[in-house]
Amino acid sequence: MPIFMRVEWTAQAEKDFEKYVNFLAKNISYKASADFMEATFDTIEKIRYPLVNYQIVDSTKGIRKCKINKFVDLYYKIIDEEYLQIRTFFDSRQNPDKLKL
């Protein structure tokens, strides 16, 4: 088993991440945007280690969720023992029916 897993982002995850970074920079501050980016990459570093697992939210698809900040959750899937996939970011204040995993 590897020390850490490789990470791949889906196109949806990249789009969502960019949306939140740009929103924060434009509407809040560049610092808020930078803090969000730092929190995201810190969280990804944690989930890369096979022994760190977060809440399973869809057991049939193997999707897990972790919080990036007060409002944004990151959804990911462990593909195999060497690889995980960042699926999407979702603002928890939105209607959960909008979440597409």
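Visitor: How many bridges pair β3 with β4, and in which sense do they run?
Guide: Five bridges, antiparallel. β4 covers residues 72-80. Strands are DSSP runs of E, at least two residues, numbered from the N terminus. Two of them pair if DSSP finds at least two bridges between them. This is a predicted model: local features need pLDDT of at least 70, side-chain atom pairs count only at pLDDT 80 or more, and totals for chains, interfaces and linings use all residues. Residues are numbered from 1 along each chain as its sequence is written, and side-chain values use heavy atoms, without hydrogens and water.

Visitor: Which residue is the bridge partner of Arg 64 in β4?
Guide: Tyr 76. A hairpin of four residues links β3 to β4.

Visitor: And what joins β2 to β3?
Guide: Three bridges, with the strands antiparallel. Gln 55 sits opposite Lys 65 of β3. They also form a hairpin, with four residues between the strands. Gly 62 in that turn has a positive phi of about 70 degrees.

Visitor: New topic. What is the volume of the largest pocket?
Guide: About 170 Å³. A pocket is an open set of points on a 1 Å grid over the protein atoms alone, where a 1.4 Å probe fits, with protein on both sides within 12 Å along at least five of seven lines. The volume is the space filled by probe spheres set on the points.

Visitor: Which residues line the largest pocket?
Guide: Among them are Lys 19, Tyr 20, Phe 71 and Arg 93. Lining residues have an atom within 4 Å of a point. Helix α1 (residues 11-27) gives the largest share, four residues. A helix is a DSSP run of H or I, at least four residues.
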